[in-house]
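Trainee: Please pick one part of this model and take me through it up close. I'd like the whole story in one go.

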Amino acid sequence: MSTPHPGSPAARLRDHDVTPQPAVSPAARSVGGVAGWLDDRTGAAKGVGYLMKKVFPDHWSFMLGEVAMYSMIVCLLTGTFLTFWFVPSAGQVVYDGSYIPLKGVTMSEAYRSTLDISFDIRGGLIIRQIHHWAALMFIVALSTHMLRVFFTGAFRKPREINWVIGCILSMLAIVEGFAGYSLPDDLLSGTGLRAAEGFMQSAPVIGSYLSYLVFDGPFPGEAIIPRLYAVHVLLLPAILVGLFTVHIVMVAVQKHTQFPGPGRTNDNVVGYPVMPVYAAKAGGFFFIVFGVIAMISAVVGINPIWAYGPYDPSPVTAGSQPDWYMGFADGALRLLPGWLEFETFGFTWSLNVAIGALLLIPVMYTLMALYPFLERWVTGDQREHHLLDRPRNAPTRTGLGVAALVFYGILMFAAGNDIMAIKLGLSINDITHLFRTLIFVGPPIAFWVTKRICLSLQRRDRDMVLHGRETGHIIRTADGQFFERHEPLDPFTRWELVQHEQFQPLQLGPATDDHGVASPNARTDRLRARLSSFYFSDRVEPVTPAELEAAHHDGHRAEAIEAPEGEAHGELEASERH
Amino acid sequence: MNALAARRRHPAAIALLLLVGLLVTGAAYAALAPKQASAATATADQVEHGKKLFLANCASCHGIGAVGTDEGPALPGVGAASVDFQMGTGRMPMTAPGVQVGTKKVKFSQDEIAAVAAYIASLAPGPAIPDGEFTDGSKGDPAKGGELFRVNCAMCHNAVGSGGALTRGKYAPSLRHVDGKYIYEAMVTGPQSMPVFNDTNITPDSKRDIVAYLHAIDKSENPGGLTLGSLGPVPEGLFAWVFGLGIMVGFAVWLGSKSA
């Protein structure tokens with residue numbers, strides 16, 4: 001405010017005037033030139049500065065998501081290149097390109113343009129292979145990223161929304177992949193579309209209408225390729241990139257989780273700021289990922305569409321499989337028995353197809369998306385968690401995760417039953433029967449074994465904390481006593497082993513209140529208590545400071561190999577106490 | 001000539017002329033008609049030699065006189081092509097019974113195989129060993145052969161002949177680097193689980209196109225790089241998980257362990 005004559009009526013009129021802004025903002029003065037010019041026009045300096053100062057913790061498993069992100073960017077870049085030449089049309093043409101074994105064969109324009117990209121456009125084949133390998137790596141990486149998030153409990157409050165977004169991203173990614181796989185109109189992709197048509201037709205009542213709607217008439221028709229193209233290059237990428245942006249912004253806003261360790265608390269993030277460290281690391285990692293994918297694409301062929309020939313609804317090739325990420329659905333189809341197809345009142349119910357093809361994916365992803373909410377309900381834990389769990393410290397969750405993984409893995413491997421049969425010299429029937437049994441038996445066994453291993457590891461952690469590391473040094477005392485020297489853990493290592501907490505199973509409250517009125521929530525409470533006991537009745541408590549103190553007072557004599565007469569009894573007791 | 005002209009009205013002339021006409025037609029047909037009967041040229045010696053070989057090596061399962069036993073089928077009518085295929089690819093004599101007879105090292109010389117083939121062919125007519133003209137892939141059209149292959153063969157043998165699984169441990173073997181003669185013979189004789197593709201189904205020319213297609217694949221230089229066995233997306237997925245993810249995690253561990 002500039003008031004040259006305070007108090008004068010004229011001056012009072014100017015009381016609320018705003019001082020003219022200097023031509024250059026204060027931020028610009030510090031960053032100068034171009035950045036200042038930009039900031040004057042966008043005001044971006046504040047936001048960018050905030051982002052640049054964000055701190056990220058270091059751990060290799062935090063980079064799996066980065067691999068997924070970079071693979072997706074590689075897909076976007078190479079995909080753009082491919083759109084310059086790909087012709088999304090089912091129009092029939094006669095091939096006259098440079099691949100001799102197909103010369104003179106009638107095929108769709110989509111297939112011809114893919115052959116041209118592979119053989120007649122400079123750099124086309126390597127870009128196609130990079131695109132396809134990057135797509136496979138994208139889904140491999142996002143799946144392992146998802147596993148990391150699950151097993152470390154990173155989905156807990158406040159990150160449930162981001163977990164759900166991640167589930168949606170994962171599901172859209174496999175649909176996007178399938179759309180791309182179906183585009184070149186070679187024998188393999190056409191067979192995949194034929195299968196997709198069958199899936200739609202297996203939907204009770206609406207099946208055939210649905211199929212006619214999608215294919216714009218009977219299979220294969222001319223509409224599906226342009227439609228899939230729009231879905232593959234426009235619709236799904238837009239949703240993927242949009243959701244992915246939200247996903248990444250949420251990570252920045254909620255801050256990255258970190259593994260427990262010295263100095264790392266629920267209220268801080270220990271690591272390095274984006275600028276300059278993470279910008280360099282992550283930027284460099286992008287080029288590593290791109291480079292690795294390019295190297296693989298240069299050395300290993302993928303989806304040799306020229307070998308499959310053009311699509312024609314009559315032939316099918318042995319070894320027709322979807323890309324790996326759709327393998328679990330294909331495997332489910334291979335395992336479902338034929339008697340699930342039956343007729344009632346003149347309608348055919350193709351449940352042998354519908355369960356694997358229509359129900360599996362939505363049910364699986366719904367369960368995945370709901371898990372954080374289920375766990376929160378069981379634990380009743382309303383706190384925020386920014387420190388990750390070590391998987392062993394959540395044995396039931398880890399066990400459930402491994403069981404789900406085994407279930408998924410069996411379905412995925414079942415999709416390769418024919419390849420296993422010829423490569424391992426086995427009967428495809430035996431393999432299928434084995435998988436049909438394992439799909440029921442495997443997950444419970446996996447759950448039990450994993451949970452036991454987790455509990456054992458926790459006991460080992462306890463043992464380490466209480467007794468320290470066995471050095472292997474046998475010490476003989478002056479009076480002839482032997483003991484092994486145990487080296488106590490340093491406080492930093494110890495902290496990682498004792499910092500976590502264990503939940504107690506919820507206690508069931510009285511079913512009726514003081515006036516003998518039954519609690520309206522009695523039923524849900526009972527269920528919740530049962531689940532809570534399923535989760536937490538087997539547990540190994542972390543060592544408390546008191547226990548540690550007690551263990552240190554016992555001293556090392558407890559480890560004596562041969563105790564002198566008279567003292568043996570007491571020492572045995574001491575060692576048993578641990 | 002005059003004598004011949006004088007007798008042209010002889011009552012026997014017309015019959016004689018008919019006879020000559022028939023002989024010429026018959027001889028021309030025999031000379032010009034398509035034939036595959038190379039086994040027909042078998043000599044009696046060859047048949048006799050083949051019979052001895054058969055008795056020594058095959059009769060324990062196929063029976064004396066190839067009439068068949070519980071262990072092996074009767075062979076009259078299978079033709080020389082079948083013998084040539086089974087023995088020439090090392091499938092027969094088989095070492096052990098199983099769901100499917102695999103290939104082994106060939107135990108007999110081509111002469112011995114031809115002798116056994118001649119013997120079996122002498123028992124009853126059957127498909128003969130094909131003429132070299134129809135088994136030479138270089139004379140066929142690989143593009144047409146590819147279409148025929150995809151329609152007729154790929155569902156078991158895979159689009160590029162890498163092989164595939166059948167029920168209960170049986171399999172369609174790989175067709176890579178197989179002699180054109182054996183591909184042709186397999187089509188006309190239908191060994192084991194394979195159906196017969198006779199000359200009405202697929203003409204000899206088309207069979208040659210199929211051979212041409214398979215040989216063209218054998219010679220192609222894999223423009224994409226390593227083929228991972230040409231078995232489709234399963235090995236590709238396995239590669240992505242094992243090597244792709246392995247390398248990425250390796251780099252991530254390296255970068256993660258480097259504190260700035």
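Mentor: H7, H8, helix H14 (327-335), helix H15 (351-379), helix H16 (395-414) and helix H18 (428-467) of chain A each give at least two residues to the lining of the largest pocket (helices are DSSP runs of H or I, at least four residues, numbered from the N terminus). This is a predicted model, with local features needing pLDDT of at least 70 and side-chain atom pairs 80 or more, while totals for linings use all residues. Residues count from 1 along each chain, chains are lettered from A, and side-chain values use heavy atoms, without hydrogens or water.

H15(A) brings the largest share of that lining, 12 residues. In total 47 residues line the pocket, and Met364(A), Ala404(A), Leu405(A), Phe407(A) and Tyr408(A) sit nearest its centre. (On a 1 Å grid for a 1.4 Å probe, a pocket is an open set with protein on both sides within 12 Å along at least five of seven lines; lining means an atom within 4 Å of a point.) The space inside comes to about 1,400 Å³, counted as what probe spheres on the points fill. By class the lining has 41 nonpolar, 5 polar and 1 charged residues (Ala, Val, Leu, Ile, Met, Phe, Trp, Tyr, Cys and Pro are nonpolar; Asp, Glu, Lys and Arg charged; the others polar).

Now for two of those helices. H7 (residues 124-151) and H8 (residues 160-182) of chain A pack at about 155 degrees, axes 11 Å apart (lines fitted to C-alpha atoms over the stretch in contact; angles run from 0 to 180 degrees between N-to-C directions). H7(A) and H8(A) are therefore roughly antiparallel, the label for angles over 145 degrees. Among the residues in contact are Phe138(A) and Leu142(A) of H7(A), plus Trp163(A) and Gly166(A) of H8(A), contact meaning heavy atoms within 4.5 Å. Here the H7(A)–H8(A) contact has 10 nonpolar, 2 polar and no charged residues.

How values were computed
Parallel < 35°, antiparallel > 145°, perpendicular 65-115°, else oblique.
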